[in-house]
Every structure is written in structure tokens, then in C-alpha cells.
Amino acid sequence: MIKKNVLSSKFFLTNVPEAISFVWLQWRSQKLPLAIFVALCLNLLIAPIVYAAGDGTLERLSAWAIGVLGFITLAIILYLSVVVFQPERF
């Protein structure tokens, strides 16, 4: 059991710099996965706030869903405002 934990921590620590460099190199060509990752990370901040505002009437899954829907709504609003004000780009 202890050997497995040491092995997994060694594996994790050696691949973190490689993973960061890979994401850094690929972010220009693949923006959608990075945007989804950032939205989920921001949802880590929003979901507890929504959960606390629910006074115990919301489940945690519902708070996460409300956070994700809020980000999707914000993204659609931003996209549509760009389309309305800069239609020549589309």
C-alpha cells in the first residue's frame, strides 16, 4: 500500500511539468477544451456560493448545475453581443 502511494506520487510529480508545457503549447489551436476547463475551475468558486445561498434546500449537484448553466448563459450573451455588433466577422 505504501509503495503504491510513493509510486503514484512520483509519477504525478514527474508529469506535471510535461502536462503544463503541453497545455501551454496547444492552447492556441485548441481553445474549446481550455475554455471548458477554465469554466469548470471557475465553477469551483461559484458552486459553493450558490449552495450556501440555497439555505440547504439545494443539493450539491443542483448547485453545480446552476453554476454551469450560469456560465453557459454568460457565454451565449457574450457571443451574441459580438455577433450583433460585429456581423462582418461572421
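Read along the sequence, the protein chain runs α-α-α, with three helices and zero strands in its secondary structure (DSSP runs numbered from the N terminus, H or I of at least four residues for helices and E of at least two for strands). The model is predicted, and local features need pLDDT of at least 70, side-chain atom pairs count only at pLDDT 80 or more, and totals for chains, interfaces and linings use all residues. Residues are numbered from 1 along each chain as its sequence is written, and side-chain values use heavy atoms, with hydrogens and water left out.

The chain exposes about 8,000 Å², 75% of it supplied by carbon and sulfur atoms (Shrake-Rupley method, 1.4 Å probe; for residues, only the protein chains shown count as cover).

A nonpolar patch lies on the surface, with about 1,000 Å² of accessible area together; its members include L32, I36, Y79 and F90. Such patches join nonpolar side chains (Val, Leu, Ile, Met, Phe, Trp, Tyr) within 5 Å and like charges within 9 Å, using residues with over 30% relative accessible area and no salt bridge (a side-chain nitrogen of Lys or Arg within 4 Å of a carboxyl oxygen of Asp or Glu). Helices α2 (31-53) and α3 (60-85) each supply at least two patch residues, and α3 gives the largest share, seven. Y79, found in α3, is partly exposed at 46% relative accessible area.

N43, in α2, is buried, at 0%. Its contacts (heavy atoms within 4.5 Å) beyond four places in sequence are P48, W64, G67, V68 and F71. The N43 side chain also reaches the backbone oxygen of W64 at 3.4 Å.

Note on methods. Buried means under 20% relative accessible area, exposed over 50%, partly exposed in between (1.4 Å probe, protein chains only). A polar contact is a pair of N or O atoms within 3.5 Å; within protein, one must be able to donate a hydrogen and the other to accept it, and residues adjacent in sequence count only if both atoms are side-chain atoms.
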